[in-house]
Amino acid sequence: MRILFDQGVPVPLRSYLSPHDIDTAYEKGWSELRNGDLLNAAEADAYEVFLTTDQNLQYEQNLSARSISVVILSTTSWPRIKLTTSAVLSTIESARSGQFTVVEIPRR
């Protein structure tokens, strides 16, 4: 599965999501793209999942006609995310195109 990390997603998470093919918006040169334009670029480049920490995205974008799924992490805190990597992986693997899914990362 091809996954694109948005700016706020901690890059160390990448090593916990193998064997998936993961790139970051920064690596792709898409740092300046925002919301709809970034989703358009990701879809055009055949990404299946867009992983973000932007919790407002689900209220700003309509995915009903899109082929990409969006998984939203409820925090940018790597120490907290690291404790729930299996839940993040499971959510990504069950994500459906055209839908938002939020992974609630518990406060510790």
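Colleague: In which sense do strand 1 and strand 3 pair?

Modeller: This is a predicted model, in which local features need pLDDT of at least 70 and side-chain atom pairs count only at pLDDT 80 or more, while totals for chains, interfaces and linings use all residues. Residues are numbered from 1 along each chain as its sequence is written, and side-chain values use heavy atoms, with hydrogens and water left out. Strands are DSSP runs of E of at least two residues, helices are runs of H or I of at least four, both numbered from the N terminus, and two strands pair if DSSP finds at least two bridges between them. Strand 1 and strand 3 are joined over 3 bridges, and the sense is parallel.

Colleague: Which residue in strand 3 stands opposite leucine 4?

Modeller: Strand 1 covers residues 2-5, and strand 3 covers 49-52. The residue in strand 3 that stands opposite leucine 4 is phenylalanine 50.

Colleague: In what order do the 5 strands of the open sheet run?

Modeller: The edge strands, each pairing on one side only, are strand 2 and strand 5 (100-103). The pairing in this open sheet of 5 strands is parallel, and the order is 2-1-3-4-5.

Colleague: Against which strands do the buried residues of helix 1 pack?

Modeller: Buried means under 20% relative accessible area, exposed means over 50%, and partly exposed lies in between, with a 1.4 Å probe and protein chains only. In helix 1 the buried residues are Gly36, Leu38, Leu39, Ala41 and Ala42. They pack against strand 1, strand 3 and strand 4 (69-73).

Colleague: Is threonine 24 buried or exposed, and what is its relative accessible area?

Modeller: Threonine 24 lies in strand 2. Taking contact as heavy atoms within 4.5 Å, and not counting residues up to four places away in sequence, threonine 24 touches Leu4, Phe5, Val11 and Arg14. Threonine 24 is buried, and its relative accessible area is 8%.

Colleague: How many aromatic pairs does a search of the whole structure find, and which of them is tilted?

Modeller: Rings of Phe, Tyr and Trp (its six-membered ring) pair if their centres lie within 6.5 Å, and planes under 30 degrees apart count as stacked, over 60 as edge-to-face and the rest as tilted. The search finds 2 aromatic pairs. With 5.7 Å centre to centre and 55 degrees between the planes, the tilted pair is tyrosine 16 and tryptophan 78.

Colleague: Why is the pair of tryptophan 30 and tyrosine 47 called edge-to-face?

Modeller: Tryptophan 30 and tyrosine 47 are both buried, and their ring centres are 6.2 Å apart. The pair counts as edge-to-face because the angle between the planes is 80 degrees.

Colleague: Which charged end sits over the ring of tyrosine 47?

Modeller: A charge sits over a ring if NZ of Lys or CZ of Arg is within 6 Å of the ring centre and within 35 degrees of the ring normal. Here the charged end is 4.0 Å from the ring centre of tyrosine 47, and it belongs to arginine 2.
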